Amino acid sequence: MKKHIRKFAVLPRLPEKLLPLKEIVENLWWSWDHDAATLMLRIDRNLWDTEEYNPLRVLCKVPQKRLEDLSRDESFVSHMERVHNRLKDYLKSRSWFMTHYPKHAEKVFAYFSAEFGLAEVLPIYSGGLGVLAGDHMKSASDLGIPLCGVGLLYTEGYFRQYLNSDGWQQEVYPKNDFFTMPVELVRDQEGNAEKISVTFPDGDVFARIWKVMVGRNNIYLLDTNIPENKENHRDITARLYGGDVEMRIKQEILLGIGGIRALYRLGKVPAVTHMNEGHSAFLALERIRVLMYEHKLKFDEAKEIVASTNVFTTHTPVPAGNDRFPCELVKRYFSNYVSMLGITMDELMLMGSEPVDKKDISKGCNFCMTVLALHLASFNNGVSKLHGRVSRNMWYWMWPDLDVEDVPINSITNGVHGRSWISFDMAGLLDRYLGPKWVDHPWDHSIWERVKDIPATELWHTHERRRERLVAFVRNRLRKQLERKGVTGAELEIANEVLDPNALTIGFARRFATYKRANLIFKDIERLTNILGNKDKPVQIIFAGKAHPRDEEGKAFIKEIYRMARRPELRHHIVFLEDYDISIARYLVQGVDVWLNNPRRPMEASGTSGMKVCFNGGINLSVLDGWWDEAYSGDNGWAIGEGEDYVELQDSEYQDNVESKAIYQLLEDRVVPAYYKKSADGTPKEWVEIMKRSMMTNCPVYNTNRMVQEYFTKFYFKGLELWERLSADEFKGAKELAAWKKKVLSSWDRIKIIDVKEPINKELQRDEEFKLEVTVDLGNLSPEDVVVSVQYGQMDFYATRIVEGDEFLMNVVGEDGNLFRYEGSINCYNAGKFGYAVRVMANKETLASRFHFGKIKWESI
């Protein structure tokens with residue numbers, strides 16, 4: 001007989017004077033407010049460290065006497081009241097959103113992500129994607145944008161890493177204790193847990209809804225580890241990116257479909273939804289289903305309003321980073337669902353179908369989540385300018401009639417939440433010289449211009465303090481790593497000797513994907529040893545990062561670095577820190593002098609770790625890829641190479657040789673000399689000037705407050721306007737748009753460009769006009785259904801294509817039955833060899849993007 005265990009909970013008993021602590025620790029706002037974090041530390045410094053900076057666990061474990069003593073400590077109570085008042089002021093203060101969009105205060109915007117990296121206390125992230133999602137939510141709160149996050153609450157999260165004695169990565173999966181995490185179970189009026197369900201082939205799956213408070217906004221997380229579910233269903237939210245392909249589709253159905261159901265369950269109907277990567281793309285289908293059910297719409301009508309109000313951000317140019325499922329698996333999981341959409345399975349498959357071979361579709365297809373998202377979102381973007389271009393080239397096959405430049409994938413470059421990553425010391429320095437607006441208006445370039453007024457010695461000494469703390473942190477962390485391996489005696493003492501707090505310190509910490517080339521700097525070990533081991537000008541490197549559990553090559557990179565760090569001539573200069581997380585990242589970006597980044601261009605979509613370094617006075621040494629391709633100005637850091645692409649060469653060994661030598665050359669000729677060229681007061685003036693240029697040029701641009709503002713003005717608000725227009729009068733606009741598209745599709749083949757009249761003299765003087773007259777047969781359509789435009793620009797070297805063309809719209813000036821005459825002029829401001837092409841595109845006022853619709857007819861030869 002199985003014994004019955006009854007459960008109960010014991011909560012921390014806070015003295016009455018300390019009750020505001022509960023409100024403070026339950027809102028993750030404390031994690032990006034330095035004064036609040038300092039308050040947490042004062043409760044018990046030792047517990048703060050041992051409990052991994054989790055204030056809830058500290059309150060659970062701190063002796064009751066200590067709490068009673070703190071309630072009588074006037075200094076602590078005063079500090080707590082100050083922090084509590086700051087939190088209340090933050091929540092009530094008039095925000096950017098309420099200043100500019102007060103009429104839309106009741107609207108709901110939703111942000112879906114498979115992971116959120118908010119703070120150490122909530123380990124439901126794996127790396128950059130999750131940390132970006134966390135910073136996105138924090139900045140949305142700072143700006144006052146009513147954004148709901150939606151994700152999954154993993155019982156084991158991502159793995160914890162340790163290395164065995166041979167340096168091979170091992171993974172462990174400790175259970176997350178929700179009781180001591182900043183999550184609150186959402187309950188109904190009767191006190192019962194709010195739940196949603198989704199249907200799988202083997203039955204219904206139920207999920208509880210948890211809430212995380214992030215400043216002004218909430219994130220809602222789904223958890224299937226509940227008694228109502230079968231054992232195999234409880235594990236759906238066990239591990240982030242864990243399990244096989246079938247577990248992935250279960251998680252992504254739960255995230256997308258279940259996430260929308262959770263929002264509706266809570267009465268939060270999103271006007272606009274943002275998919276952070278393709279993991280949540282099934283949400284588009286659920287939004288369509290709900291609109292069909294609640295408003296008696298047809299599939300095509302509901303699809304128009306959903307696509308017009310969906311935002312999709314793609315984060316990777318690596319093919320493996322875009323989730324793909326076997327078509328048969330999708331058919332099995334959606335066999336019943338398609339009937340609720342009123343479409344056939346073939347129609348569903350077409351929305352996500354991607355040929356295995358773009359040149360030979362007979363080889364079959366996969367169901368790609370990125371393709372589904374691009375089909376069902378009118379607002380799409382990459383995460384840097386370069387990545388936008390790469391993405392347009394990756395996915396242009398979905399819009400075969402468009403030029404690659406017109407593929408509807410925009411770019412919004414990533415940023416970081418500066419307050420979450422800047423050190424207490426540096427923040428205090430900026431407060432003194434920049435004033436408080438660097439916090440409230442971090443996008444304002446004029447504020448950051450004041451960095452040049454900070455005395456060089458003050459900036460340098462502030463940074464030196466952080467490097468010293470980093471070295472102390474690394475030594476302590478390394479000692480614990482060695483103790484876990486059973487190391488004792490003299491070998492253990494080495495941990496106290498590694499690194500020099502005054503030496504030039506380079507950081508390399510990120511996911512150990514092979515394209516990031518963590519081992520590139522070891523290409524010429526003799527040359528590297530000479531650089532690091534220079535007695536007068538020593539250099540040291542701190543590595544950290546995890547390889548995916550199934551990435552054997554990435555694990556081999558870690559092993560190589562581990563073995564290098566054990567070589568006698570390098571062991572004081574190279575350290576690998578195990579179990580990379582937000583805590584390690586914060587120490588690194590706050591303390592290193594140089595941040596090294598050497599991916600294979602153009603495989604880095606953006607990268608954000610280097611941005612965090614800028615807020616702390618660190619300097620980037622990077623390949624011109626991702627964000628650095630647009631950020632590097634020649635005087636704000638160092639570039640490895642000049643933006644060369646080696647993709648077509650297909651010789652990785654040659655590329656590695658060239659770029660590793662470039663790194664050594666930069667270190668020997670520019671980086672090390674600048675660092676060690678110090679004035680009489682010990683300040684490296686040239687180095688500090690580069691620090692200042694880095695802060696002045698990068699901080700006002702690469703922050704998430706700027707980024708989220710850009711998402712809002714370019715995408716969210718336009719989507720909101722379309723929502724209001726298309727849903728008004730019982731969705732009259734959506735119905736009209738669907739009917740119009742049907743008419744256009746049935747009539748499009750009849751459209752012809754009949755004639756193009758151009759000047760006889762094709763050699764013009766600058767500032768003259770090149771006048772054109774175009775006659776178009778519109779068939780059953782009218783001028784209101786199309787735009788006739790001219791794409792023009794300078795020709796390439798071979799005079800075969802237009803380079804970075806521009807567009808002007810032509811005006812209709814006459815008609816004769818189905819024939820319509822258009823006129824327009826090209827203004828010839830610049831001299832050179834130019835070309836132009838005439839096109840007709842379907843267009844309607846309520847279209848989110850005529851390029852996304854993609855119906856285009858070119859003048860043919």
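**A walk through the predicted model**

Let me begin with helix α12, which spans residues 299–307 and is mostly covered, since seven of its nine residues are buried; buried here means under 20% relative accessible area, exposed means over 50%, and partly exposed lies in between, with a 1.4 Å probe and protein chains only. Helices (H or I, at least four residues) and strands (E, at least two) are DSSP runs, numbered from the N terminus.

Residues are numbered from 1 along each chain as its sequence is written, and side-chain values use heavy atoms, with hydrogens and water left out.

Coming back to α12, its buried residues are Phe299, Glu301, Ala302, Glu304, Ile305, Val306 and Ala307. What covers the buried residues of α12? The cover includes α11 (283–295), β10 (310–313), α14 (337–341), α15 (345–352) and α31, where contact means heavy atoms within 4.5 Å.

Because Lys714 and Glu710 are four residues apart in α31, they are separated by about one helical turn. Lys714 counts as partly exposed, at 29% relative accessibility.

How many salt bridges does a search of the whole structure find? It finds 66. One of them joins the side chains of Arg239 and Glu156 at 2.6 Å, N to O, and this pair links distant parts of the chain, with Arg239 in the loop between α9 (231–234) and α10 (245–265) and Glu156 in the loop between β2 (147–152) and β3 (160–163), 83 residues apart. Arg239 counts as partly exposed at 33% relative accessibility, whereas Glu156 is buried, with a relative accessible area of 11%.

In another salt bridge, the side chains of Arg466 and Asp425 meet at 3.1 Å, N to O. Arg466 lies in helix α22 and Asp425 in helix α19 (residues 424–434), so the pair ties together parts that are 41 residues apart in sequence, and both Arg466 and Asp425 are buried.

Helix α22 itself covers residues 456–484, that is 29 residues, and reaches 42 Å from its first C-alpha to its last, close to the 42 Å expected at 1.5 Å a residue; the expected span is 1.5 Å times one less than the number of residues. Just after α22, Gly486 takes a positive phi of about 85 degrees.

Turning to Arg586, this residue is found in helix α26, residues 582–591. Leaving aside neighbours within four places in sequence, Arg586 is in contact with Glu120, Ser420 and Trp421.

Finally, Gly607 sits in the loop between β19 (594–597) and α27 (609–615) and counts as partly exposed at 23% relative accessibility. Which separations describe Gly607 and Leu132, in sequence and in space? Gly607 and Leu132 are 475 residues apart in sequence and 9.7 Å apart in space, C-alpha to C-alpha.

Conventions
Predicted model: local features only at pLDDT ≥ 70, side-chain atom pairs only at ≥ 80, totals over all residues. Salt bridge = Lys/Arg side-chain N within 4 Å of Asp/Glu carboxyl O.
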